[in-house]
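Hi,

Here is the model we talked about.

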Amino acid sequence: MPTPSSPHLREANSISRIMRLVCAALFPGIVVYSALIGPAVLAQIVLASVAALFFEAVMLKLRAMPIRRFLGDYSALVTAWLIALTFPPLSPWWLTVTGVFFAIVVAKHLYGGLGQNPFNPAMIAFAACIIAFPALMSEWPAQGLMLPFEQQLEIIFGFAPRIDALTAATPLDVIKTALKNNALRAGNIQELLMSQNLYGTFAGRGWEWVTMTYLCGGAFLLAMGVITWHVPFAFITSMAAISALCWLFDPGRFSDPLFHLFSGGAMLGAFFIATDPVSGCATPRGRLIFGVGAGILAYLIRVFGVFPDGIAFAVLIMNICAPLIDRYTQPTVFGRRANGRRS
Amino acid sequence: MDILTAIAVMALGALLLGAALGCAAVRFRVEGNPVTDKVNAILPQTQCGQCGFPGCRPYAEAVAKGEAEINLCPPGGEEGMRKLAELLGRDCVPLAETVKRAPKREIAIIDENRCIGCTLCIQACPVDAIVGAARQMHTVVEALCTGCELCRPPCPVECIEFRPLPETPETWRWPEVGFWKKEDVKPEMAAA
Amino acid sequence: MMRTLFSFPGGVKPDPNKEASARAFIASAPLPERLVLPLKQSAGVAPLPCVRVGERVKKGQIIAVAEAWISVSLHAPTSGKVTDIGAHPLAHPSGLPAPAIVIEADGEDAWRERQPLDWQGLAPREVQCYLQQSGVVGLGGAVFPSHAKLGGDTPTEELIINGAECEPYITCDDRLMRERADEIISGVALLRDLTGARQCLIAVENNKPEAIRALRGAIGKHREDFVVVTLPARYPAGSLRQLIYALTGKHAPVNVLPAALGVQCFNVATVHSIWRAVAHGEPVVRRVVTVSGNVRAPKNWEAPIGMSMNALLQLSEPLDDTDGLIVGGPMMGLSLPLTNAPITKGSNCLIARSPRLFPPRPPESPCIRCTACAQACPQGLQPFELYWWSRARNFDRAAEHALAECIECGCCAYVCPAAIPLVHYFRFAKGELAAAARERQMADGARDRFEFRQFRAEREKAEKQAKTAAAKQAAVMSAAAAPSEKPAPTPPSEP
């Protein structure tokens, strides 16, 4: 039914444009990441994209929805790229595909498709896989041991044996393992970190360059009006604050805020994951609370929890709280006073 | 030993909580039965008896006591059932088969030429919406008629019929908008 | 003079598209042969016809008289003969006909006797009644009777004259301000005396520099204490509540009249019509209508009320691919097929529609809660929540999210990337809520009558029982007194 209702004008904007902008914002990060790790990253992205579009199409078909129109909104692609960027780059192909399956089929379509999912699909994929395959999900390639592309592909597709020497823990992992074994003493952490400094200077193994480009991509999204400043700001400041507190309390045991902000998925989480509008908060104050909660939880999980990085679980936990936060942070309606009384 | 302590702790906890609940039940007991009134307020007051009870209040009492299902009211429809479910903390249930037809308000109209002035319909009307006197022509007050159809059977000359109220620009409502399901998307739009 | 303006939340900046129609002078539309005058042309109650079919009427003669306070009289826009009083199609989304008076023009256009009102010697109440009998309503589109706004209990502090005209395409107020600034300012002076306002603020968006210049020039001659305030162009700056807030910082919720806050607000065209009514004795029988969009000669026409919309559109030569009309602006107006429905007092603009200028809305996508709508809402609402609950037909929850505060300005649907017709959802939900309230009211009445009926039945039963008991008693008594006599007949209970 063509609606006769006003307005009869529309701004040139669409969901597909928003999703394409998100992909564009991820692009510089992908370039630097693959320069650092190798073209395996690109292979993973292609693999995840194909799998995501395939699952999306199948689910749309099963749900009797217009396939071309909904594939054209690029939302599956964004999920796929986030999965490819958060999974270890040399993870076997079936792991990536399983992750995409969880994200698209379970987390997205079984909950009602785009706009209805209570949890961030990419983070559901990450959480499901890290619980099911903890060892594989912790095997990050040691940078600097760049393998030729064919060899990377062979590892991904299982033609070559997964050599343990090829993979190593991330800087976050190194510190956590040390922490767990009580191997850390005052001053020790700096040493440990220094040993990881192959390319970068403060986040270990060049991660800061990758995260920095994510930060730039996030700034681009902010400038384009795709996301609002609330979640990234709250996420980054809260993580900086809590890590600074711990660091000041005991610099020997805890690493500095800069390290935390620029390693692991912090920037990706702040700008691309925690800002997911569907599963996050929608009110401005709610978004601030969401960001603060996700930032603090991510720090706590990554420092004191079992898993190397905490972004996924932090975001999922905040996803659970989002409707409640929204309910209690409804903004004042124009013409009503803040206490709900009419002016 | 440990297991005994655990059992003791749990038992003590259960006792304390049980006592608290019991106290609360006594202290905060609700006087009377306001539930009936609340249920009655949700019912549409057509007094049509289609639920099988003689009027809205008896049905409200039965619902409040839990003796009747909440899906029996045709004029209330889906919306009314949902409100009852919300009020009583019950699950939503599909409307009963007898209720399925769309609730559309129709009002009684008396054919003036055939009315013999028997007053039977006046006696049948539960809401006093018919005026008239013996051997005088009767008429229905449009604004008061609930469309319960209780006046139809008693009429000996079958001069009462039911018609929907005509729509005017004042009573007109915007129609519901199509959702983004497949059946609402025209093929040429889907291709775009 | 600089003034601190308050900034209302949200708003959008659509392409104004005003230049084309703002260039030409206001032209007088030729008199049509047949005029259809819907009775209900104002908010409130429709007036009652006071002419018969076949009766000859003069221009300006009252043909339907107001019988309630929130109602105004209706006048013949030209001299001629009443040929019909009955249902005629209306510019309404339902397409349903409504009662109207049809006048066949005799071509003479002869006025009834016109007399200016000597208002300076009159009580405000008498001026109000005069305005009611002159059919003055808000010509900005809301058509609220102007006399009913005046004379509240709260003393008026600010008198706001709304010349913002924030909707794209519309330029009728702009042209009026440029060409008839003197009359507008005289009207403002009149309103100021009537309301006793401390301040007179004439608000114009900054994209109308010539109108601002004309108004300032007119003020210079008369009153120096009137202020022309330049508003930054942002839709909906001309919306009542947003305008009042921008100028005074006062919030008016939907169910509170601005008068209660000490603010009176009139549209410039309304002020002009008030002045014409008072100073020249001319009731509202014509109005300036912008005809724009897909036409060769976009222009402002001064057209008689009751003229066919299609006839007026033809004057501006619509292009071949015109497939319909938008009555009002593109943000809040009504989209209709090419229609012969009449111009009413509220029709400020006709836009010829074409697929090129107004491409059809793409099909609706799911809402991703991007909150673009909430950022654009000038009422600070959360349209995506309202949409969610309206779509789920859970109207009570929508009402909890302040659905009633929605002014249907269209900003949310304008920015929505998912192309959801949000305003349509809200209109649907509001209609259902209003219908539910009506039904609720009916049900309450039905319950009261039903309960009273039960009570009456029981009372009658009790009376009957009492009567039978009394009769029995009497029978026993009389039997005891005179056993040979028959029991007396029961006396009638009613006195």
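On the domain 1 side of chain B, B:Thr46, B:Gln47 and B:Cys48 supply 86% of the area buried against domain 2, more than any other three residues. Before you read too much into any of this, keep in mind that the model is predicted.

As for the bounds, domain 1 of chain B runs over 34-99 and domain 2 over 104-165. Their centres, taken over C-alpha atoms, are separated by 26 Å. In terms of contacts, four residues of domain 1 of chain B meet five residues of domain 2 of chain B.

How much area do domain 1 and domain 2 of chain C bury between them? The figure is about 1,100 Å², with 61% of it on carbon and sulfur atoms. Within domain 1 of chain C, the residues that lose the most area to domain 2 are C:Val12, C:Val254 and C:Met332, which together make up 36% of what that side buries.

The contact tally for chain C is 16 residues of domain 1 against 16 residues of domain 2. Zero salt bridges are found across this interface of chain C.

Start with C:Arg180, which sits in the loop between helix 4 (172-179) and helix 5 (181-195) of chain C. Is C:Arg180 buried or exposed? C:Arg180 counts as buried because its relative accessibility is 19%, and the cut-off for buried is under 20%. Leaving aside residues up to four places away in sequence, C:Arg180 touches C:Ile26, C:Arg175, C:His272 and C:Glu302.

Then go over to chain A and find A:Phe159, in the loop between helix 8 (149-156) and strand 2 (167-168). A:Phe159 has a relative accessible area of 69%, so this residue is exposed. A:Phe159 is also part of a nonpolar patch on the surface, formed with A:Trp93, A:Trp94 and A:Phe157. Together the four residues of the patch have about 440 Å² of accessible area.

Cheers

Key:
Residues are numbered from 1 along each chain as its sequence is written. Chains are lettered from A and ligands numbered from 1 in the order in which they are written. This is a predicted model: local features need pLDDT of at least 70, side-chain atom pairs count only at pLDDT 80 or more; totals for chains, interfaces and linings use all residues. Side-chain values use heavy atoms; hydrogens and water are left out. Helices (H or I, at least four residues) and strands (E, at least two) are DSSP runs, numbered from the N terminus. Buried means under 20% relative accessible area, exposed over 50%, partly exposed in between (1.4 Å probe, protein chains only). Contact means heavy atoms within 4.5 Å. Patches are made of residues with over 30% relative accessible area and no salt bridge: like charges are joined within 9 Å, nonpolar side chains (Val, Leu, Ile, Met, Phe, Trp, Tyr) within 5 Å. Accessible areas come from the Shrake-Rupley method with a 1.4 Å probe; for residues, only the protein chains shown count as cover. A salt bridge is a side-chain nitrogen of Lys or Arg within 4 Å of a carboxyl oxygen of Asp or Glu. Domain bounds come from an automatic or database domain assignment. Buried area is the accessible area (1.4 Å probe) that two parts lose on being put together, summed over both.
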